[in-house]
Structure formats: C-alpha cells, structure tokens
Amino acid sequence: ERQTADLKPTEGNIIALVGRGMSNKEIAGKLGLSDGSVRNSLSAILSKLDLRDRTQLAVFYFNHQPQDR
C-alpha cells in the first residue's frame, strides 16, 4: 500500500510540482531548496509510494486529486 500519510509537507509540495511538469531545478528554486535536497526528497517519495520514476509519480499525483479540480 502506498503510504501518503508518511509524506512530509515538503514532499507533498514536491509531488504537486512534479505533477505540473517542473524539473528538479525549477522545484528547487520554487521551494528554496538545493537541487540535491530535491533529488533526495524525490528518492524518499518514490520509495515511500513504491514508484519507479517521476513519470509514475506524476500519474500518482493526478490519480489522487479531488474530482472537482
């Protein structure tokens, strides 16, 4: 099971930005993080959600949005 409850608030923000198609560098700039911090967070997110890559993460993001977007 994918444990979204285990995600930190920053990880949730990163997921949303990946879902919007932003690169690691863009995400880092938007959130005031280093590129390395974004990479590390992405690795943790993928592990927590049992996903392989950022494409699967983007699909996960869109599949878990409220229906009335």
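Reply: Happy to! Two residues are in contact here when they have heavy atoms within 4.5 Å of each other. Helices are DSSP runs of H or I with at least four residues, numbered from the N terminus. Please keep in mind that this is a predicted model, in which local features need pLDDT of at least 70 and side-chain atom pairs count only at pLDDT 80 or more, while totals for chains, interfaces and linings use all residues. Residues are numbered from 1 along each chain as its sequence is written, and side-chain values use heavy atoms, with hydrogens and water left out.

Let us start with helix 1 and helix 4. Two packed helices are described by the angle between their axes and the distance between the axes. Axes are lines fitted to C-alpha atoms, for helices over the stretch in contact, and angles run from 0 to 180 degrees between N-to-C directions. The axes of helix 1 and helix 4 cross at roughly 100 degrees and come within 8 Å. Helix 1 and helix 4 are therefore roughly perpendicular to each other; angles of 65 to 115 degrees count as roughly perpendicular, under 35 as roughly parallel, over 145 as roughly antiparallel, and the rest as oblique.

Which residues meet here? From helix 1 come Ile15, Ala16, Val18 and Gly19, and from helix 4 come Arg54, Leu57, Ala58, Tyr61 and Phe62. By class, the residues of this contact are seven nonpolar, one polar and one charged. In this scheme Ala, Val, Leu, Ile, Met, Phe, Trp, Tyr, Cys and Pro count as nonpolar, Asp, Glu, Lys and Arg as charged, and the others, Gly among them, as polar.

Now zoom in on Ala58, which is found in helix 4. Its relative accessible area is 17%, so Ala58 is buried (buried means under 20% relative accessible area, exposed over 50%, and partly exposed in between, with a 1.4 Å probe and protein chains only). Not counting residues up to four places away in sequence, Ala58 touches Val18 and Gly19. Ala58 and Gly19 are 39 residues apart in sequence, yet their C-alpha atoms are 4.2 Å apart in space.

Helix 1 also meets helix 3. Their axes come within 10 Å and cross at roughly 90 degrees, which makes helix 1 roughly perpendicular to helix 3. On the helix 1 side, Glu11, Ile14, Ile15 and Val18 take part, and they meet Ser41, Leu42, Ala44, Ile45, Lys48 and Leu49 in helix 3. The contact of helix 1 with helix 3 has seven nonpolar, one polar and two charged residues.

Ser41 counts as buried because its relative accessibility is 17%. Leaving aside neighbours within four places in sequence, Ser41 is in contact with Glu11 and Ile14. From C-alpha to C-alpha, Ser41 and Glu11 are 6.5 Å apart in space, although 30 residues separate them in sequence.

What about helix 3 as a whole? It has 15 residues and reaches 21 Å from its first C-alpha to its last, close to the 21 Å expected at 1.5 Å a residue; the expected span is 1.5 Å times one less than the number of residues. Val38, Ser41, Leu42, Ile45, Leu46 and Leu49 are its buried residues. They cover an arc of only 135 degrees around the axis, which puts them on the same side of helix 3; the arc is that of the directions from the helix axis to the C-beta atoms. An α-helix has 3.6 residues a turn, so residues three or four places apart point the same way. The face of helix 3 turned away from the buried side carries the exposed residues Asn40 and Ser47. Helix 1, helix 2 and helix 4 are among the elements that cover the buried residues of helix 3.

Helix 2 (residues 24-31) has Asn24, Ile27 and Ala28 as its buried residues. Their arc around the axis is only 100 degrees, which puts them on the same side of helix 2. Lys25, Gly29 and Lys30 are exposed on the other side of helix 2. The buried residues of helix 2 pack against helix 1 (9-19), helix 3 (35-49) and helix 4 (54-63).

Methods: Helix = DSSP H or I, 4+ residues; strand = E, 2+ residues; numbered from the N terminus.
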